[in-house]
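Hi,

Here is the structure I promised to pass on. Have a look at it first, and then read my notes below.

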Amino acid sequence: MRKAKIIWRKVPVISFAILFVFAVIFIIPLIWIFLSAFKVDMEINQAGGFLFFPKTWTLRNFAEILNPNNKQLPVYHWFTNSIIVSGSHTILAVIIYGMSAYAYAKMNFKGRDAIFLTMLFLSSFPAITNIIPLYKVMLNLKWLNTPLALIVPGLSGVFNIFLIRQFLYGIPDSVIESAKIDGAGEARIFFKIIIPLARPVLIAVGLFCFTGNWNDFVWPSIAINNLDRLTLTAGLQLAKGVYGVQVARMSTVAVVAVVPMIILYTFTQKYFINSISLTAGLKG
Amino acid sequence: MSERALTRKSGKFSITPYLFILPHVILFIVFFLYPLCYGTYASFTKWNLFNEPVWVGLENYKTILFNKESTFYRQFWNGLGNTVEFVLLCVPFQIIIPLILAIAITQKPAGHRLFQSIFYLPNMFSITAVTLTWLFIFNRSLGLWNHLLGMDVNWYGEQPYAWICLVIITLWWCIGTNLIIYIAAINGVDQSMLEAAEIDGATKFQRFIYVIIPSIKFPLTYTLVASVIQQFNIYGQPLIVTGGGPKESTFVLLMYIRNLAFGTGNPIAGTSSAMATCLGLVIGIVSVIQLTLLRKQNT
C-alpha cells in the first residue's frame, strides 16, 4: 500500500501531459518537412495544394537538389564549402584559443590579466557596427569571395578563451612543473599535456565554434558573392527565390538544411547540454 | 598563488607567453577592435564603402534621430520600434515557457531526457533551416496550420498574425538554451528547503513560488537579459519569412542597416553605421541594467 503510493507520486501525470503536448508541437514542423520532401509537387497541386502524406513516395526531389550539376542551387558545392570552412575554422579556433588560454591560466607574464580582462570587456560591446568595416578589411586583404573571409575573422572571440582558462585553472601546476623538470618546452607541454587534459572543454568549445560557423548566415552572404562559393546556410536562403511555393522541393531543401545538425546533435548532445550550464555560470 | 611560484623558478623574462597569446591578440585587433573603432568613426562620416570616408560630425545622427523629412529618420524609428515590439512580444514567452517545461522535466516523468533533447534540438539549426522548416506551416493556402484548423488566415500578410508567426518560430528556435539553464538551476535547489516546505503543508504551486523561484533568481536574471540582447538582434526571421511586411510592420532595424550598407543602391555606410551604433548603444544600456541587477541580487 505504502509502496504503491510512493510509486504514484513518482509518476507526475500532469508534467508528462504538458511535456507531451509541447513535444508534439515541437516535432510537427519537422515531421511535416520530412513527409513533404518525399512528395511530388504535381500531386500536391492536383490535391488542391495540400497533402499530409505523400501520394507517391519519391526520392526525385533529393536527386534534383543534391545533384552536383544543379546550377541554380549548387547545394552539393555549398555543403562541401561548409565542411571545409567550418572544419578549418574549428581546428584553428581550438588551437589558437587553447594556446591563449594556457598562457593566461598557467604562465606568468607582465600585463597578463590586464590584457585578458581588457579584451574580455571590449568583446562584450555589441558588434553590430563591426560588419561594415569588416567588409572593408576583407576588401583590403583581398579576401572577399575566398574561404579565408569565412574562416579567419571569427577567430577573434574572447569568451571561448575564458571558458578554457577557467577549466585549465583546475589542472594542478605540479603536472606542468614535473614536465618542465623532465626538460619539456612550453610548446611540447601544450600539445602533449594540456590538450589531452583539457579535452572536455576543448570539445565543447570546438562544437560551439563549428555550429556557430556553420550556422552563420549574415556574414557569408555579405563576404561571398559568387554562388558556387557560398556556404550551405547562406546559400539555402536563396531557395525561396528559386522554388517559390513548390512545397515538396522547398521541404527537401529544409530537410537538407536540418539533417547535418540533427546528426551532429545525436552524437554530441551531452557536450552541448553540459557546456550551456557552464556558460551560465551555474557550475564551476 | 601557485602560478607565482612557477615563474619564480623560471626567474627571468621570457618571450614564450607572448608568443602563445600573440596569434589571438592580432586576430582580435584586426577583426574585432579595429572594425569596432572604425565603425564608430564611420558613423560620423559620409562613406560609400569604397572611397575614403568624409567627416560630417553629428549629421548622420541628427538625420536619423530628428529629421522628420528624411527617409532615414522614418526607417530608423520604424526599424527600432519594430525591433523593440518584437523583443517585448517574444522575451516573456522565452522565459515562461522554458520555465514551465523545466519544472515539468525536473519532476522526472517518463522520457524526461527525451523531452529535453527534443526541446533543445532546434537550437542547433541555422536561421535558414528554421525559417525554411516553418515556411509552409503558416502558408495561407498550402499550409499545414490552416488545413488542420480549417482556417483561412493570411498569417504572413496581416497583423497581428505576422508577429505571432515570427514569435512562434523564434520560440521554437530559441527556448532550448533557457530550458537547459533552468533545469540545471532547479536541480540545484536545496532539497531540504523543499521538504521543509512540504512538511509545512505547502502545495506544489506554493513551493514553486516561494522556494524554487527565489532560489533560481540568478539564472532567471541572466536568461532574461541574455534573451533581450539576443532578440534585439533579430534579423533572419522577418527577412526570410515576411520580408519585412505587411507594410514594413516587421521590417526590423538590422534589415534597414544591412540594406543601406549592402543593398542594391549606392552604399550609404555612414548613416548605416550611425543606426548600428544607436542600436549598439540601446543594447549596451540593457547590458548595464543586467549587470546592475545581477550585482544587486548577489549581495
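How many residue pairs are in polar contact between chain A and chain B (both at pLDDT 80 or more)? The count is 9, where a polar contact is a pair of N or O atoms within 3.5 Å; within protein, one must be able to donate a hydrogen and the other to accept it, and residues adjacent in sequence count only if both atoms are side-chain atoms.

Before the rest, some housekeeping. This is a predicted model, with local features needing pLDDT of at least 70 and side-chain atom pairs counting only at pLDDT 80 or more, while totals for chains, interfaces and linings use all residues. Residues are numbered from 1 along each chain as its sequence is written, chains are lettered from A and ligands numbered from 1 in the order in which they are written, and side-chain values use heavy atoms, with hydrogens and water left out.

**The interface**

Chain A and chain B bury about 8500 Å² between them, and 78% of that is on carbon and sulfur atoms. Buried area here is the accessible area (1.4 Å probe) that two parts lose on being put together, summed over both. On the side of chain A that touches chain B, helix α16 (residues 247-279) gives the most, with 16 residues. Helices are DSSP runs (H or I, at least four residues), numbered from the N terminus. In contact terms (heavy atoms within 4.5 Å), 99 residues of chain A meet 96 residues of chain B.

**Salt bridges elsewhere**

Over all chains, the count comes to 9 salt bridges. One of them joins the side chains of K106(A) and D173(A) at 2.8 Å, N to O. That pair links distant parts of the chain: K106(A) is in helix α5 and D173(A) in helix α10 (residues 173-181) of chain A, 67 residues apart. Both K106(A) and D173(A) are buried, with buried meaning under 20% relative accessible area, exposed over 50%, and partly exposed in between (1.4 Å probe, protein chains only).

K180(A) and E186(A) also meet through their side chains, at 3.3 Å, N to O. K180(A) is partly exposed, at 33% relative accessible area, whereas E186(A) is buried, at 16%. In chain B, E198(B) and R207(B) form a salt bridge at 3.9 Å, N to O. Here E198(B) is partly exposed, with 33% relative accessible area, and R207(B) is buried, with 16%. There is also a network of salt bridges that links D41(A), E64(A) and R249(A).

Y97(A) sits in helix α5 of chain A. Why does Y97(A) count as buried? Because its relative accessible area is 2%. Leaving out residues up to four places away in sequence, Y97(A) touches a list of residues that includes G157(A), N160(A), C209(A) and, from chain B, H24(B). Its side chain reaches the backbone nitrogen of G157(A) at 3.2 Å. N81(A) is in helix α5 (residues 75-106) too, and it is buried, with 19% relative accessible area. Leaving aside neighbours within four places in sequence, N81(A) is in contact with D228(A), R229(A) and L230(A).

Over in chain B, helix α6 (residues 127-134) is mostly covered, with 8 of its 8 residues buried. Among them are I127(B), V130(B) and W134(B).

Most residues other than glycine have a negative phi, and most peptide bonds are trans. K142(A), not a glycine, has a positive phi of about 60 degrees. K142(A) lies in the loop between α7 (131-141) and α8 (148-151) of chain A and is exposed, at 69% relative accessibility. K108(B) has a positive phi of about 55 degrees and is partly exposed, at 45% relative accessible area.

Two cis bonds are worth a look as well. The peptide bond from Q159(B) to P160(B) is cis, with omega near 0 degrees, and P160(B) lies in the loop between α7 (144-149) and α8 (161-187) of chain B. G245(B) and P246(B) are joined by a cis peptide bond with omega of about -5 degrees.

Cheers

Terms used: Helix = DSSP H or I, 4+ residues; strand = E, 2+ residues; numbered from the N terminus. Salt bridge = Lys/Arg side-chain N within 4 Å of Asp/Glu carboxyl O.
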